[in-house]
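Please read these notes with the coordinates open. They go point by point.

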Amino acid sequence: FWDPIRRLFADTFDARTRGWTASRFSFNTGAGRCPSCEGQGQITIEMNFLPNVKLPCEACGGARFNPETLSVLWRGRTVADVLAMPVDEAVVFFEAHPSIAHPLKLLQDVGLGYLTLGQPSPTLSGGEAQRIKLVTELAKVRGRAGDASATGGRPLPPEKHTLYVLDEPTVGLHMADVEKLIRVLHRLADAGHTVLVIEHDLDVMAEADWLIDLGPEGGERGGCIVAQGPVDRVCAQPGSHTATLLRAFLQARERVAENGA
C-alpha cells in the first residue's frame, strides 16, 4: 500500500507546485530521502569484535527524509509521520481510501495492528513475517468467510487453488490474536484453498477440519501417525496425548460457554 500513499502526497498542492512526483516520497531512492542515512533512518557503526551498533540518523532524526520533503503535509501529517503510524491508527486514518485501508485491515485481522507502517523487515519475527505473507494472499481472496459465493459451491480450478503450509503461526501471539488468526485461516479455506497448519495450540486444533496427530512421543520415539480424522474422532482415540489434552480443553470450553449462557 506504500505506492498509493506516496501518490496521495504527490497529489497535494505543495508537491504539485514544486513539480514533485510520487518518487519524491520514496525512502529507497530519489531526491526526497535523507542523504546521510540514505533513507534508513539510522546509521550503522561497525564494531571490530562486537555486534554492529545502529543509532538514529543525526541529520534527519530517524525520519528518513530530508527537510524539504517533510514540509509537505497530507491531512496534517508528513510522510515520516505516516511511516511511524501503527497499523491500528492507519486503518482509521486511511479509511476513505480502500486500496490502502483494505490491506491495513487485513494486517489488523492477523494480529499485526501494533506494527508501524515503516517497520523494517529485518526486525520482524518469523511469525510476523509469516502472517504478512498471509495478508498478501488474503488480499487476493474474494468473498467473505461463510459466503458461498466465494467459490459458488464448487471446487476451485487447479490453477487457482493454493496449498498454504504454516509452521506454528501462533508463536508469540496473544490469545485474542490467535482468535483473529483462526478467522483468517477459515477465510482462506472458505475461499476454496487448502490450509495445512503445524501447531501445538489447542484453539487452532479445535477449529481444524482434519487432524493428524504424530507421536506417540517426541524425537526418536515419534514420527508415527497416532490418530487422524475430524476433531471428535481424534478425541476418542486412546493412547494419544493430543487427544487427552484436546478432549479436556473442549470440555472446559463447553463448561465456560454453559456458565456464560
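1. Leu 55 sits in strand β2. This is a predicted model, and the values below should be read as such. With a relative accessible area of 40%, Leu 55 is partly exposed, because that class runs between 20% and 50%.

2. Two elements, β1 (42–45) and β2, each give two or more residues to the patch.

3. Cys 57 is found between β2 (53–56) and α3 (67–70). Is Cys 57 buried or exposed? Cys 57 counts as buried because its relative accessibility is 2%, and the cut-off for buried is under 20%.

4. What does Cys 57 touch, leaving aside neighbours within four places in sequence? The contacts are Cys 34, Ser 36, Cys 37, Gly 41, Gln 42, Ile 43 and Gly 62. One of these, Gln 42, is 15 residues away in sequence, yet the C-alpha to C-alpha distance to Cys 57 is 4.4 Å.

5. The largest nonpolar core holds 44 residues. Those touching the most other members are Ile 5, Phe 9, Phe 25, Val 82, Phe 94, Leu 104 and Leu 117. Elements giving two or more residues to this core include α1 (2–10), α4 (79–83), α5 (87–93), α6 (98–109) and β3 (163–167). Also among them are α7 (126–138) and α8 (175–190). Helix α8 gives the most, with six residues.

6. Val 82 deserves a look within that core. Not counting residues up to four places away in sequence, Val 82 touches Trp 2, Ile 5, Phe 9, Arg 77, Phe 93, Phe 94 and Leu 117. Ile 5, Phe 9, Phe 94 and Leu 117 are, like Val 82, among the core residues that touch the most other members.

7. Glu 128 is placed in helix α7. Glu 128 is buried but has no salt bridge. Which side chain of opposite charge is nearest to Glu 128? That is Arg 131, 5.4 Å away, whereas a salt bridge needs the atoms within 4 Å. Beyond four places in sequence, Glu 128 touches Leu 112, Tyr 114, Leu 115 and Thr 123.

Key. Residues are numbered from 1 along each chain as its sequence is written. This is a predicted model: local features need pLDDT of at least 70, side-chain atom pairs count only at pLDDT 80 or more; totals for chains, interfaces and linings use all residues. Side-chain values use heavy atoms; hydrogens and water are left out. A nonpolar core is a set of buried Ala, Val, Leu, Ile, Met, Phe, Trp, Tyr and Cys residues joined through side-chain atoms within 4.5 Å. Buried means under 20% relative accessible area, exposed over 50%, partly exposed in between (1.4 Å probe, protein chains only). Helices (H or I, at least four residues) and strands (E, at least two) are DSSP runs, numbered from the N terminus. Contact means heavy atoms within 4.5 Å. Lys and Arg count as positive and Asp and Glu as negative; His and the chain ends are not counted.
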